[in-house]
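Hi,

Here's the structure I said I'd pass on. Have a look at it first, and then read my notes below.

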Amino acid sequence: MIRGTIKIGHRELALSTMLLLANPLQAEWKLPDSFQVHGFASQAFILTTDNNFFGNSKDDGTFDFRELGINASWRILPKLQIAAQGVSRWAGENDEGDPRLDYGLVDYTVLSDPENSWGIRLGRVINPIGFYNDTRDVAFTRPSIFLPQSIYFDRTRDVALSADGGQIYGERRTNIGDFFLQFNIARPRVGSREERALLGHDFPGELEGDTSLFGRLFYEKDGGLIRLGFSSFWANFDFDAELPSASLPSGSIEFSPLIFSGQYNGEQLSLTSEVALRHFDYSGFGSVDNDFTGLSWYVQAAYRFLPNWEAVVRFDSLCVDLDDCDGEEFAAQSLQSGHQRFAHRRFADDWMVGLRWDVTPSVMLRAEFHHIRGTAWITLEDNPDFNALEEDWNMFSVLVSFRF
């Protein structure tokens with residue numbers, strides 16, 4: 001009797017184990033409801049005239065621009081949440097798919113009531129910059145295949161996207177509208193891509209991010225019908241030359257832009273504009289020390305003419321140095337610098353028209369055409385021979401994106 005009971009018990013245990021393995025959602029260790037996982041994947045084709053962008057695009061076009069990402073969040077307690085996102089990104093020679101952690105943070109809500117929300121985030125936190133930096137990786141949240149390059153440079157994506165440190169954030173809801181504040185103290189992420197962008201070359205030595213400050217204040221009325229904002233940051237970088245006699249001595253870089261943002265979101269029409277004064281201060285590098293301010297701005301209109309279709313048009317302008325927007329003084333320094341300098345490297349004006357089709361809530365198609373005058377945001381990696389660059393060029397691109 002006892003043996004029979006034991007045998008039946010073993011059969012029941014084995015059967016229960018198989019059922020749990022076949023249907024793990026019934027197990028006690030199933031994921032909590034507050035745990036969420038989302039992902040995205042995008043693939044683009046780019047064809048350009050004369051100049052390369054995100055790969056060898058000027059011959060037969062390139063498929064070298066793609067993005068893969070996954071993010072997760074878990075609200076462990078009502079006031080405590082953790083979140084992270086990992087990404088692999090290919091963008092020609094400038095980005096070759098190395099996996100990286102875009103953000104990974106602990107979020108604690110200090111105060112939450114009907115009128116206020118205040119909290120703190122620690123870890124690798126998103127930099128509060130303009131309208132689009134927070135979600136620039138997800139193609140569904142961008143207004144076009146490529147963000148306005150005068151403000152949201154893709155060649156320095158990592159250093160702009162996030163930094164290691166902390167963030168204080170708050171929201172105040174009032175009768176006249178809602179106010180949002182974010183303030184970061186963090187160290188920017190820097191790699192070889194950022195070094196080439198900031199120094200013009202990969203010199204012997206190491207460029208590192210130093211303690212920096214980021215801040216953004218936004219105002220929204222009627223649930224986002226009107227959005228106004230101001231962003232600024234004081235980003236610091238230190239270059240440590242490998243040898244005292246190196247071609248570039250040790251020095252520091254300060255980048256302190258001021259960004260003004262405005263947006264109108266109607267039922268079918270959205271109008272957006274942002275203006276940035278971009279100040280650079282290079283010091284300690286000897287003869288190459290420099291201090292200059294540039295101007296970036298764009299105006300953009302998006303019209304949803306059908307529920308799943310949207311057309312967008314934008315003019316985007318970049319002036320590297322307000323004292324030399326046409327680049328003539330820069331080009332005149334060719335003899336002093338010992339190599340040819342081109343005026344079109346100091347500006348870029350980009351006219352863009354595009355079309356978006358949301359095939360399903362999870363699948364999106366885009367197509368857009370750019371006519372560009374200037375080469376200020378073109379990367380060194382994709383265009384090693386600057387003598388071959390042309391001032392006027394065109395770009396056509398299509399993109400398919402999936403999310404879950």
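Let's start with the strands: β12 (residues 269-283) and β13 (residues 290-306) run antiparallel and are joined by 14 bridges. Strands here are DSSP runs of E with at least two residues, numbered from the N terminus, and two of them pair if DSSP finds at least two bridges between them. Across this pairing, R278 stands opposite G294 in β13. The hairpin of β12 and β13 has six residues between the strands, and G284 takes a positive phi near 90° there.

β13 also pairs with β14 (residues 309-319), again antiparallel, over 10 bridges. A hairpin of two residues links β13 to β14, and L306 faces W309 in β14.

A quick word on the source: this is a predicted model, where local features need pLDDT of at least 70 and side-chain atom pairs count only at pLDDT 80 or more, while totals for chains, interfaces and linings use all residues. Residues are numbered from 1 along each chain as its sequence is written, and side-chain values use heavy atoms, with hydrogens and water left out.

Now the second largest pocket, which holds about 750 Å³ of space. (A pocket is an open set of points on a 1 Å grid over the protein atoms alone, where a 1.4 Å probe fits, with protein on both sides within 12 Å along at least five of seven lines; lining residues have an atom within 4 Å of a point. The volume is the space filled by probe spheres set on the points, which are joined across faces, edges and corners.) It has 31 lining residues, and Q85, Y103, I126, D134 and T135 are the closest to its centre. β4 gives the most to that lining, with four residues.

Cheers
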